[in-house]
Amino acid sequence: SAPSCFVPAEHGYRMVGQPEETGKGYRVIIRRINYPSWFGSDVNVVQVDVEFQADERLRIKLSDPNAPRWEVPLPIDSPDEAARNPLYAIQFKNDPVFSVSVIRRSTGAVIFDTSLGGLVFSDQFIQISTYLNSANLYGFGEHEHHSFKHDMNFVHWPMWAHDETVQTGVNLYGHHPVYMNVEETLDAHMVLILNSNAAEVVTMPAPGLIYRTTGGLLDIYFFLGPQPELAVQQYVSTVGLPMMVPYWSLGYQLSSFGYTTINESKSAVDRMREYDIPHDVHYGDINYMMEYRGFTIDPVNYAGLDDYVEHLKEEGTRFFIIVVCMHPFAPNNRIVIMF
């Protein structure tokens, strides 16, 4: 199942001079090789900043030093001084093109290695590829997965938060560009590619992966664990803890598009009661709206909705209403708000 296209080994960037030591780590300037452009508007000079942020956390950032680009506004602390006892080491290479490797000091395991080639940094297409330490790859999302462990045989996983029905090979509501790799020594690390643009990941049997995105920059964080639970703790403590949800939201929920009238929605609830199926939360999908207009209720098909919601609440069932706001200039694009 190998793809018909390939990335020429000489395609990419080369270092200009030597890596410069900074108080936080290193800075490297790389320049694009004179090679035909794939998409145009290539960034000819890219700045690579390496920050030893903590003993277990490393940051590698590729950006355009001559023009600002979109960055995810996530406040992650960047210490003024490099970590003193990092669990990792960095290695730069320049043959045949620039590449960077991340090495676990305790075992010598290479956990990230971009010598696989194919670095592209243009205005609306960015690509980086890396070898992985093992094929034990987990993460990325949000998708339907048949197993937690990824299939490494050239599988494409898109990431672009989208209101899509659950089916194999498509992106769903969430955008989570983060993965865990359990190494051959059974140590584990996590990698976050902090980018919110439309993206895709391609797994490869090398083992390796290709990450592609349509904008922004490459802002990559490594969490060295070494146990899986420690890597998760390091990741969560960096990006922020998940919001504490209300207890009732952890219960049994029923949500479906297609109840064209309030009676159809009531019938679904009645069947839940008839068969004694737990039912803590009921959803009102966008069928209740008048011509799908935001903050409206169909006065005919959903007459009496407010009274029915009060009835559900008296029974101990919460009601969750979905509001869709259609973009006035792009009616096929919609914003989903849940209350």
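## Cis peptide bonds

Pro 96 sits in the loop that runs between S6 and strand S7 (99–104), where helices (H or I, at least four residues) and strands (E, at least two) are DSSP runs numbered from the N terminus. The peptide bond joining Asp 95 and Pro 96 is cis, with omega about 0°. A cis peptide bond also joins Gly 141 and Glu 142, with omega about 15°, and Glu 142 is placed in the loop between strand S11 (137–141) and strand S12 (156–159).

The model is predicted: local features need pLDDT of at least 70 and side-chain atom pairs count only at pLDDT 80 or more, while totals for chains, interfaces and linings use all residues. Residues are numbered from 1 along each chain as its sequence is written, and side-chain values use heavy atoms, with hydrogens and water left out.

## Positive phi values

Asp 276, in the loop between helix H2 (262–274) and strand S19 (281–284), has a phi near 55°, a positive value in a residue other than glycine. Asp 276 counts as exposed because its relative accessible area is 68%; buried means under 20% relative accessible area, exposed over 50%, and partly exposed in between (1.4 Å probe, protein chains only).

Phe 295 also has a positive phi, near 60°, and is found in the loop between S19 and helix H3 (305–314). Phe 295 counts as exposed because its relative accessibility is 60%. Most residues other than glycine have a negative phi, and most peptide bonds are trans.

## Overall architecture

The chain holds 3 helices and 21 strands, and 45% of its 339 residues count as buried. Its C-alpha trace spans about 75 × 45 × 45 Å along the principal axes. The chain is divided into domain 1 (13–239) and domain 2 (247–321), with bounds from an automatic or database domain assignment, and the centres of domain 1 and domain 2, taken over C-alpha atoms, are separated by 43 Å.

Where contact means heavy atoms within 4.5 Å, residues 24 or more positions apart account for 58% of the contacts in the chain with a separation of 6 or more.

## Nonpolar cores

A nonpolar core is a set of buried Ala, Val, Leu, Ile, Met, Phe, Trp, Tyr and Cys residues joined through side-chain atoms within 4.5 Å. The largest such core has 42 residues, of which Ile 30, Leu 58, Ile 60, Ile 90, Val 102 and Phe 222 touch the most other members. Strand S4 (residues 45–54) gives the largest share of this core, 4 residues. Apart from it lies another core, of 21 residues, among them Ala 268, Val 269, Tyr 302 and Leu 305.

Leaving out residues up to four places away in sequence, Phe 222 touches Glu 56, Arg 57, Leu 58, Ile 60, Val 102, Phe 112, Met 190 and Val 191.

## Leu 87 and its surroundings

Leu 87 lies in the loop between strand S5 (57–63) and strand S6 (88–93), and it counts as partly exposed because its relative accessibility is 33%. Beyond its neighbours within four places in sequence, Leu 87 is in contact with residues including Asp 55, Ile 103, Arg 105 and Leu 224. Leu 87 and Arg 105 are 18 residues apart in sequence, and their C-alpha atoms are 5.6 Å apart in space.
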